Amino acid sequence: MPRENYQERLDQLREDVVAMGETVCDRLDDAIEAAVSGDDDLAQSVIESDHEVNETYLALEDECTELLALQQPVAGDLRLVAASFKIITDLERVADLATNVAAYGGPEGGVHTAVDVRDLGDGAREMVADAVAAYAARDPDACREIAARDDAFDERCREASEAVVRELLEADRARNAARDGPAPTDGEALEASLDEVSQALLAVRDLERVADHAVNVAARTLYMIENDDELIY
């Protein structure tokens, strides 16, 4: 392959990875809105459109494999292709997590109020968007800054999970007090309450994983730019 065509394919790969990242961020926006509002139609749209992200992932995976096998890139080009291969995997997983988050709202109207899904979701989404922007701009400082934000986001998720459990316990105490002591609990009401709490905890877990994938994207990008694996774990 002529050198100019090879370089064009590398440039196109970069553009396609960024475009995939932007699409995934859009899906995540819709998923957060569905979880907050309980908009079942929007949730279904996110879930049903996941195949589009999967198809993009497979096409880019094929392109990376072909570039590695046929062009045998070296040095910086090799790191670009290898990092892009890993990054599209993280982006595809973020899209999968978005389908989970969208489904948690359900037709009954949103995730448990003890969890601020909008705030957590926007925080996770911002980390993904910033990681994709760092890849596009080849910005090593941005990569390190994104990784540095992860501990604070993990703490926010921990606090949100504790708030859900605390509210469940307080509600149970309030029911017992109203009955003047422990009494049998309505089975259907208890099951509904536990389902709501379970979905809230799962939503928090999945948003935390979204942020982790954003750090992975930043880590691979830093490796691509500087041949530095300090953030890869």
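User: Why is Cys-25 counted as buried?

Analyst: Buried means under 20% relative accessible area, exposed means over 50%, and partly exposed lies in between, with a 1.4 Å probe and protein chains only. Cys-25 has 4% relative accessibility, so Cys-25 counts as buried. This is a predicted model, in which local features need pLDDT of at least 70 and side-chain atom pairs count only at pLDDT 80 or more, while totals for chains, interfaces and linings use all residues. Residues are numbered from 1 along each chain as its sequence is written, and side-chain values use heavy atoms, with hydrogens and water left out.

User: What makes Cys-157 buried?

Analyst: Its relative accessibility is 1%, therefore Cys-157 counts as buried.

User: How many disulfides does the structure hold?

Analyst: A disulfide is a pair of cysteine sulfur atoms within 2.5 Å. The structure holds zero of them.

User: How many helices and strands does the protein have?

Analyst: Helices (H or I, at least four residues) and strands (E, at least two) are DSSP runs, numbered from the N terminus. Here the count is eight helices and zero strands. Read from the N terminus, the order is α-α-α-α-α-α-α-α. Of the 233 residues, 42% count as buried.

User: Why does Ala-124 count as buried?

Analyst: Ala-124 is at 0% relative accessibility, so this residue counts as buried. Ala-124 is placed in helix H5, residues 117-137.

User: Which residues is Ala-124 in contact with, leaving aside neighbours within four places in sequence?

Analyst: Contact means heavy atoms within 4.5 Å. With those neighbours left aside, Ala-124 is in contact with Phe-153, Leu-207, Val-210 and Ala-211. Leu-207 is 83 residues from Ala-124 in sequence, yet their C-alpha atoms are 6.2 Å apart in space. Across the protein, 83% of contacts between residues at least 6 apart in sequence join residues at least 24 apart.

User: Why are H2 and H4 called roughly antiparallel?

Analyst: Two packed helices are described by the angle between their axes and the distance between the axes. Axes are lines fitted to C-alpha atoms, for helices over the stretch in contact, and angles run from 0 to 180 degrees between N-to-C directions. The axes of H2 (residues 40-48) and H4 (residues 75-105) come within 9 Å and cross at roughly 160 degrees. Angles under 35 degrees count as roughly parallel, over 145 as roughly antiparallel, 65 to 115 as roughly perpendicular, and the rest as oblique. H2 and H4 are therefore roughly antiparallel. Their contact is made by Ala-43, Val-46 and Ile-47 of H2 with Ala-98, Thr-99, Ala-102 and Ala-103 of H4.
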